[in-house]
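Here is a short report on a structure with its sequence. Read it with the model open beside you.

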Amino acid sequence: MTTPSEYRPDPDALLQALKKEQEHSQRGKLKIFFGMCAGAGKTYDMLKSAHEVKSKGIDVVTGYIETHKRPETEALVAGLEIIPRKKIDYRGVELEEMDLDALLQRKPAIALVDELAHTNAPTSRHAKRYHDVLELLDNGINVYTTLNVQHLESRADTVAQITGSIVRETVPDSIFELADEVELIDISPEDLLKRLEEGKVYTPDRSKHAILNFFQKGNLTALREMSLRLTAERVDHQLRDYMQSKRITDTWKSGQRLLVGISPSPSSVSVIRWARRMAYTMNATWIAVYVETSKVLSDTAKVQVNSNIKLARELGAEIITTADENIASAMVRIAHQHNATQILVGKTTQRKIFGSTLLDSIIELSGDLDVYVVGEHDESTTKKKFTLPEFHSGILQYGISSLIIVIAALACYPLANYLGYQTVSLILLLIVALLPLIFGVGPVLLAAGLSAMLWNFFFIPPRFTFIIGLPQDILMFTMYFAIAAVTGTLTARIRAREKAVRLREAHSSALFSLTKQLTITKTQDEVANTAIENISRFFASDVTIFLSQPDGDIFTLAHPNSMYAVDEKEFSVAAWVYWNEKKAGKFTDTLPSASATYYPITGPRYPLGVLGVRARNGKQFTVDQESLLQNFIAQIASTLEREQLNDLARRTVIYAESEKLYKTLFNSISHELRTPIAAIVSASEGLREKIQSNTYQQEFVDEINTAAERLNRLVENLLDMTRLESGQLAPKLDWCDLRDIVNASLKKLEKELSGHSVTIEIAEDLPLMKLDFGLIEQAIANLLHNASQYTPAGTTITVLARQQEHTLVVIIRDNGPGFPAQALKKLFEKFYRVPGTRTGGTGLGLSIAKGFVEAHKGTIAASNHPNGGALFEIKIPMQP
Amino acid sequence: MNTQNHILVVDDEIQMRRLLRTTLESAGYRVTLAENAAEGIRNAETHRYDAIILDLGLPDIDGIEVLKRIRTWAQYPIIILSARTSEEDIVTGLDSGANDYLTKPFRTSELLARLRSSLRIFQSSAAPMAVITVKDISIDLDSHEVKKNGEAIKLTPTEFALLALFLRNAGKVLTHNYILQQVWGPKFEEESQYTRVYVGQLRKKLEDDPNNPKYFITESGIGYRFMGDE
């Protein structure tokens with residue numbers, strides 16, 4: 001192994017620091033008011049800080065405050081906005097919790113959330129309050145919170161040792177590290193006890209009981225020391241982080257990496273916590289390894305393994321699970337693979353009869369790795385009870401195996417006289433050796449013992465006694481028992497190993513078959529069907545799938561092939577999983593009251609769906625199953641993503657086809673409508689040149705011309721409206737000078753505006769803008785035309801344009817009669833015409849103008865100018 | 001216009017053909033009619049015309065295609081008529097070699113004016129001149145001097161190149177693409193904001209009222225036209 005150069009920070013560490021910084025910029029900031037125990041004044045200090053920032057105009061809101069009816073504290077709460085608590089009815093008891101959704105909705109700059117370690121009522125979304133806080137932070141809300149040292153996961157067992165009371169409400173240390181600021185609220189034990197006596201800490205009736213149990217000077221001193229030391233450690237750590245990011249090299253420590261093993265024993269917890277503490281003080285990353293052997297675990301052991309793994313993960317370890325018969329060699333192998341520098345091992349008390357302990361083997365194999373040994377103490381000592389060694393075979397197996405031995409013994413009984421009793425022992429031994437093919441270790445050992453006893457009692461002389469006469473028979477009997485036991489155990493072990501191999505094989509073949517089926521799926525539906533079918537078959541579970549909609553939202557209905565009905569509550573869990581891309585539901589800390597566990601199906605860019613799984617036997621999946629399910633989901637995710645992309649491509653093709661069809665149709669209709677009008681216009685114009693002015697003929701020709709122009713405008717409006725309605729209107733943005741657009745609009749309306757005077761005021765500094773020339777020209781022309789129609793000749797129409805921040809503002813104003821109040825709202829509706837106005841218009845012009853402006857993501861509004869006259873205001877955001 | 005210019009009209013609408021014949025003949029042109037693209041191309045191949053008026057919406061071959069084919073051998077003006085207001089089609093037509101365009105419905109006077117202007121540009125473009133004068137603006141291509149009403153105007157080299165291009169093509173529509181290619185070079189075709197900025201500059205220096213230009217006329221979404229004597 002190479003040692004990292006002394007001055008160069010590890011790139012991984014730098015990336016980590018960068019990531020931390022990035023995450024921080026989007027996340028809310030967390031400030032913890034940290035104290036040694038209740039009564040230190042954390043809540044009080046938090047509220048005081050809240051008032052301080054509030055006086056600076058920052059939006060502070062109280063999410064949850066526990067005043068314990070202390071008058072000073074209550075006085076401080078009074079001046080702050082309070083989000084009412086949510087009332088939860090749980091089995092007839094009304095509980096009050098923080099209203100997380102209301103807080104998220106309210107989105108204050110800072111939320112005050114007291115008692116970080118609090119455990120939420122069972123039906124809440126998250127199991128713990130710190131989960132709520134994490135969600136607030138994820139949503140960019142800054143949080144002030146309070147925490148006592150004894151509630152920190154890694155200190156919980158130490159506190160329990162010191163004070164003798166077990167701490168049940170804990171928070172993972174990672175949240176302590178996540179905090180951007182930790183303010184230590186320090187108070188001397190004497191002061192605290194004094195405050196306690198004065199009744200300032202708890203309400204008087206509770207304080208006596210509390211003093212006796214917890215508030216002893218010795219305890220308080222120890223807790224105080226712990227909180228001070230933790231804060232000091234944190235400062236130290238921050239300093240190191242800082243030096244790392246600034247490449248200060250003096251005390252640079254190379255990337256240390258610690259490895260710890262997870263065992264199914266409860267005592268593993270203390271080793272894991274030790275590892276966490278060591279890693280923290282060493283500034284090292286750490287890996288927790290769980291080695292799965294063929295040994296069958298009891299249900300309680302399985303639960304323990306899961307909870308140990310979860311603990312390690314919460315404490316910030318990287319979790320690796322591997323399958324190996326030799327735990328020591330597996331740990332050393334992984335240590336090498338992941339460049340661990342130290343291995344942490346618990347001091348096992350149990351001794352093996354044959355071979356060495358785990359510790360011995362690790363030391364033997366470790367080579368250049370450092371090995372630390374720490375004492376394990378069982379956390380469950382207070383509730384320790386004797387447990388029988390685990391035999392998993394059913395009572396029936398014991399019965400049948402015993403019965404076989406008895407029958408064999410009976411069959412041998414008449415033969416014993418001919419063959420001699422030694423031969424009988426060989427027959428019985430053969431049967432015992434064969435038994436493990438069908439039965440587990442327990443029944444085999446029983447059969448071995450039973451057969452030894454039967455042989456002794458019925459065959460070895462003197463018969464019908466357990467007495468053995470001859471010394472060689474004693475030797476034979478002992479050997480018989482030993483051989484039977486060893487053969488039985490060995491065979492059973494081989495069988496167990498074979499079973500494990502078969503299981504693994506089954507897993508890979510299941511994964512293979514899923515992959516194979518997924519490759520031939522053609523639509524998202526088929527992917528969902530295949531997923532449901534495979535998962536339900538292999539995990540003996542009911543499965544539900546929610547897919548994402550094309551617009552990125554989750555479908556509110558489960559996929560039709562889903563296997564269980566989902567009510568609103570279950571759906572809300574699925575939706576939470578979808579948006580947060582985290583597992584939730586049953587057996588998790590988030591929304592555990594759900595009936596199933598929900599897993600996010602995550603694509604590289606956006607969520608693809610949610611998978612709900614409910615085991616038919618109602619049990620939690622093993623580590624093994626869980627990791628297989630994750631593999632399944634990964635496969636499903638990549639296939640789903642492929643199909644979603646395909647769908648998108650298909651939709652694009654259909655869209656392009658329909659656009660083409662639309663264009664052809666539109667062109668042919670516009671051709672058919674425009675050609676006759678063109679003929680009328682040019683014919684009447686030609687005619688006019690040939691006849692003398694001021695004759696009847698000329699009046700007729702003028703009428704024809706006016707009518708044709710009106711018809712033409714109508715056709716143009718209808719065609720524009722069709723373009724808008726078809727949804728095929730995509731503005732073709734190009735650089736435009738607004739002066740050009742206004743000029744073009746004016747030119748178009750030369751005739752209509754001939755009776756009006758038009759003033760143009762366009763700001764000198766108005767830059768070029770990306771607009772669709774034709775659309776904006778038409779929109780402005782329609783507004784100008786509107787103004788020309790509704791104002792008497794001789795009035796002034798003003799066109800103003802300027803830039804306001806990043807918005808283009810165009811105002812078209814006249815000094816005519818303005819709009820009747822009731823017309824303002826309906827002005828832009830299709831076919832709406834202001835009542836009482838003269839005929840000759842379709843009522844489409846303004847709604848077309850609106851449509852064209854909106855196609856530029858802009859807005860259009862009509863109002864009456866205070867000095868009289870109608871005013872239209874167009875606002876269009878400027879493209880960068 | 002007594003020279004009897006010979007005009008080919010290609011339009012599939014019988015009514016439009018009849019009207020165009022009447023209009024053009026009464027203005028002193030000789031007119032040949034074609035009712036579809038095939039007939040139009042055949043006529044153009046076998047006769048020499050002075051100009052073609054071409055409808056883009058033809059039943060057999062797309063008008064743009066007809067335009068491109070005729071342009072491979074014919075240099076005389078081609079004016080496109082289109083019922084499509086789609087700017088894209090017009091720009092494609094102009095970039096494919098059309099001299100001018102009109103959208104239906106059009107005024108007969110407008111049609112005659114465009115036709116006259118196109119014919120004049122074509123027939124006079126034989127002799128390049130060192131000094132071009134249009135209305136009150138004169139430009140000396142050798143000495144790079146620009147005068148308005150006899151007063152010297154200072155122009156940057158790019159402004160000068162642009163103005164020269166406009167004056168040489170007075171009366172003709174120039175698409176944004178064409179201007180960019182001619183003045184800035186083929187690599188600048190995407191930089192359409194250049195033309196807006198520089199036309200704005202020319203207007204400031206040469207127009208009497210830059211907000212209401214008389215010379216540098218914007219053709220909606222298509223390009224610019226320098227108005228000559230019309």
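A:Asn864 sits in strand S23 of chain A, which covers residues 859–864. This is a predicted model. A:Asn864 has 15 C-beta neighbours inside 10 Å, and therefore counts as partly exposed. Leaving out residues up to four places away in sequence, A:Asn864 touches A:Gly818, A:Phe819, A:Ala870 and A:Leu871.

A:Leu784 is found in helix H24 of chain A. Is A:Leu784 buried or exposed? With 26 C-beta neighbours inside 10 Å, it counts as buried. Its contacts, not counting residues up to four places away in sequence, are A:Ser745, A:Leu749, A:Leu753, A:Ile797 and A:Ile812.

The table lists the two pairs.

| Pair | Separation in sequence | C-alpha to C-alpha distance |
|---|---|---|
| A:Asn864 and A:Leu824 | 40 residues | 8.7 Å |
| A:Leu784 and A:Asp814 | 30 residues | 9.2 Å |

**Positive phi angles**

A:Glu115 is not a glycine, yet its phi is positive, about 50°. A:Glu115 lies in the loop between strand S6 (110–113) and helix H5 (129–138) of chain A. There are 21 other C-beta atoms within 10 Å of A:Glu115, so this residue is buried.

A:Glu805 is another residue other than glycine with a positive phi, near 55°. Where is A:Glu805 placed? It is in the loop between strand S21 (796–804) and strand S22 (807–814) of chain A. A:Glu805 has 7 other C-beta atoms within 10 Å, so it is exposed.

**Where the chains touch**

Chain A and chain B are in contact, through 28 residues of chain A and 27 residues of chain B. Which elements of chain A give two or more residues to the side that touches chain B? They are helix H21 (623–690), strand S18 (734–736), helix H23 (738–748), strand S19 (757–762) and helix H24 (773–790). H21(A) gives the most to this side, with 13 residues. By class, the side of chain A that touches chain B has twelve nonpolar, nine polar and seven charged residues.

**Inside chain B**

Chain B has eight helices and twelve strands. Of its 230 residues, 41% count as buried. Take the contacts in chain B between residues at least 6 apart in sequence: 55% of them join residues at least 24 apart.

Helix H4 of chain B spans residues 87–95. Its buried residues are B:Glu87, B:Asp89, B:Ile90, B:Val91, B:Gly93 and B:Leu94. What covers them? The cover includes helix H3 (63–71), strand S4 (78–82), strand S5 (100–103) and strand S10 (173–175) of chain B, together with H24 of chain A. After H4(B) comes B:Gly97, whose phi is positive, near 120°.

Now look at two other helices of chain B. The axes of H6 (residues 157–168) and H8 (residues 193–206) come within 10 Å and cross at roughly 85°. H6(B) and H8(B) are therefore roughly perpendicular to each other. On the H6(B) side, the contact is made by B:Thr158, B:Glu159, B:Leu162 and B:Leu163. On the H8(B) side, it is made by B:Tyr198, B:Gln201 and B:Leu202. By class, this contact has four nonpolar, two polar and one charged residues.

**Nonpolar cores**

How many residues has the largest nonpolar core? It has 62, and those with the most contacts inside it are B:Ile52, B:Leu54 and B:Ile80. H21(A) gives the most to this core, with five residues. B:Ile80 touches B:Leu54, B:Leu56, B:Gly63, B:Leu67, B:Gly93, B:Ala98 and B:Tyr101, not counting residues up to four places away in sequence.

**Confidence in chain A**

Chain A averages a pLDDT of 80, and 89% of its residues score at least 70. Over residues 1–9 of chain A, pLDDT stays under 50. The model has eleven contacts for that stretch beyond four places in sequence. Over residues 248–254 of chain A, pLDDT is below 50 as well. Beyond near neighbours in sequence, that stretch has seven contacts in the model. Where pLDDT is low, the predicted coordinates should not be read in detail.

How values were computed. Residues are numbered from 1 along each chain as its sequence is written. Chains are lettered from A and ligands numbered from 1 in the order in which they are written. This is a predicted model: local features need pLDDT of at least 70, side-chain atom pairs count only at pLDDT 80 or more; totals for chains, interfaces and linings use all residues. Two residues are in contact if their C-beta atoms, placed from the backbone, lie within 7 Å. Helices (H or I, at least four residues) and strands (E, at least two) are DSSP runs, numbered from the N terminus. Ala, Val, Leu, Ile, Met, Phe, Trp, Tyr, Cys and Pro count as nonpolar, Asp, Glu, Lys and Arg as charged, and the others, Gly among them, as polar. Axes are lines fitted to C-alpha atoms, for helices over the stretch in contact, and angles run from 0 to 180 degrees between N-to-C directions. Angles under 35 degrees count as roughly parallel, over 145 as roughly antiparallel, 65 to 115 as roughly perpendicular and the rest as oblique. A residue is buried if 20 or more other C-beta atoms lie within 10 Å of its own, exposed if 12 or fewer, and partly exposed in between; C-beta atoms are placed from the backbone. pLDDT is the predictor's confidence in each residue, from 0 to 100. A nonpolar core is a set of buried Ala, Val, Leu, Ile, Met, Phe, Trp, Tyr and Cys residues joined through C-beta atoms within 7 Å.
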